[in-house]
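Me: I have just opened this one and would like to be walked through it. Could we take it topic by topic?

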Amino acid sequence: MSRILLVLAVFAAAAVAVLPSLASGAATTRRCAAADLSAKTFPTAGSGAGTIEFGVRLRNTSGSACFMKGFAGLGLRNASELKMRGFAAFDTSKTAKRVALSSGAFAHFRVRYSDVPSTGDANPCPTSSYLLVTPPNRRVPLEVRARVAPCSKGRMLVTPVAKGKG
């Protein structure tokens, strides 16, 4: 009889551990891909002398929930769609959290870069026509029309993706 109670106790403990993740959709939600999202830049109040900051808003345009965790990748293209110097550096002073997005929901992150030329930079630094935004842990980017001119060899500091419009 005690063996049956032990087995029942193990099953009960397993059920208690699994139920919260099922209720939140964690067990069935997939990672957001570029095809699930639309992207748009927005102004922030973070720009100052020598530093430009803007936000990128991601919207789940698919018909199902998805999630992201981590940092978006960035790239730049000119008006002829040719690749330009530009890359994402991750702001690891901020902690990445899992961001679940139901259909129509938003996430965002911020981008900061220097607009002051340094050694090896052109003066002024080249300006892009397009920003390439790659969702965290993915490889295919979204293309957003944006004029971005990062100096410091194209370095753009990126915060982790966070829930909401920013």
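Me: Which strands form the open sheet, and in what order?
Reply: In this predicted model, three strands make up an open sheet, ordered S1-S4-S8, and their pairing is mixed. The edge strands are S1 (30–31) and S8, each of which pairs on one side only.

Me: In what sense do S4 and S8 pair, parallel or antiparallel?
Reply: S4 and S8 run antiparallel to each other, with three bridges between them. Within this pairing, Cys66 has Leu101 of S8 as its bridge partner.

Me: What about S12, in what sense does S7 pair with it?
Reply: S7 and S12 are paired in the parallel sense over four bridges. Phe87 has Arg155 in S12 as its bridge partner.

Me: And how many bridges join S9 and S12?
Reply: Two bridges join S9 and S12, in the antiparallel sense. Arg112 is the residue that stands opposite Leu157 in S12.

Me: Changing topic: how many residues are in the largest nonpolar core?
Reply: That core has 29 residues. Those with the most contacts inside it are Val56, Met68, Leu74, Leu101, Phe109, Leu131 and Val133.

Me: Which elements give two or more residues to this core?
Reply: They are S3 (51–60), S4 (66–68), S5, S8 (99–101), S9 (106–114), S10 (130–134), S11 (142–145) and S12 (155–158). The largest share, four residues, comes from S9.

Me: What does Val56 touch?
Reply: Setting aside residues up to four places away in sequence, Val56 touches Ala39, Lys40, Thr41, Phe42, Ala107, His108, Phe109, Val111, Leu131 and Val133.

Me: Now the rings. How many aromatic pairs are there in the whole structure?
Reply: A search of the whole structure finds two. Phe54 and Tyr113 form an edge-to-face pair, with 6.4 Å from centre to centre and 70° between the planes. Phe54 lies in strand S3 and Tyr113 in strand S9, so this pair ties together parts 59 residues apart in sequence.

Me: Are Phe54 and Tyr113 buried or exposed?
Reply: Both Phe54 and Tyr113 are buried.

Me: How are Phe71 and Phe90 arranged, stacked or edge-to-face?
Reply: Phe71 and Phe90 are stacked, at 4.7 Å centre to centre and with 20° between the planes. Phe71 is in the loop between S4 and S5, while Phe90 is in strand S7 (residues 87–90), so the pair links distant parts of the chain, 19 residues apart. Phe71 counts as buried because its relative accessibility is 18%, under the 20% cut-off. Phe90 is partly exposed, with a relative accessible area of 43%.

Me: Which charged residue sits over the ring of Phe67?
Reply: The charged end of Arg98 does, 3.9 Å from the centre of the Phe67 ring. Arg57, in turn, lies over the face of Phe42, at 4.4 Å from the ring centre.

Me: Last topic: where does Gly73 lie?
Reply: Gly73 is in strand S5 (residues 73–77). With a relative accessibility of 22%, Gly73 counts as partly exposed.

Me: What is Gly73 in contact with?
Reply: Apart from its neighbours within four places in sequence, Gly73 is in contact with Ala88, Leu132, Val133 and Thr134. The C-alpha atoms of Gly73 and Pro136 are separated by 6.8 Å, and these two residues are 63 residues apart along the chain.

Technical notes: Residues numbered from 1 in each chain as written. Predicted model: local features only at pLDDT ≥ 70, side-chain atom pairs only at ≥ 80, totals over all residues. Heavy atoms only, no water. Buried < 20%, exposed > 50% of the residue type's maximum accessible area, 1.4 Å probe, protein only. Contact = heavy atoms within 4.5 Å. Core = buried A, V, L, I, M, F, W, Y, C linked by side-chain atoms within 4.5 Å. Phe/Tyr/Trp six-rings, centres within 6.5 Å; stacked < 30°, edge-to-face > 60°. Lys NZ or Arg CZ within 6 Å of the ring centre and 35° of its normal. Pairing = 2+ DSSP bridges.
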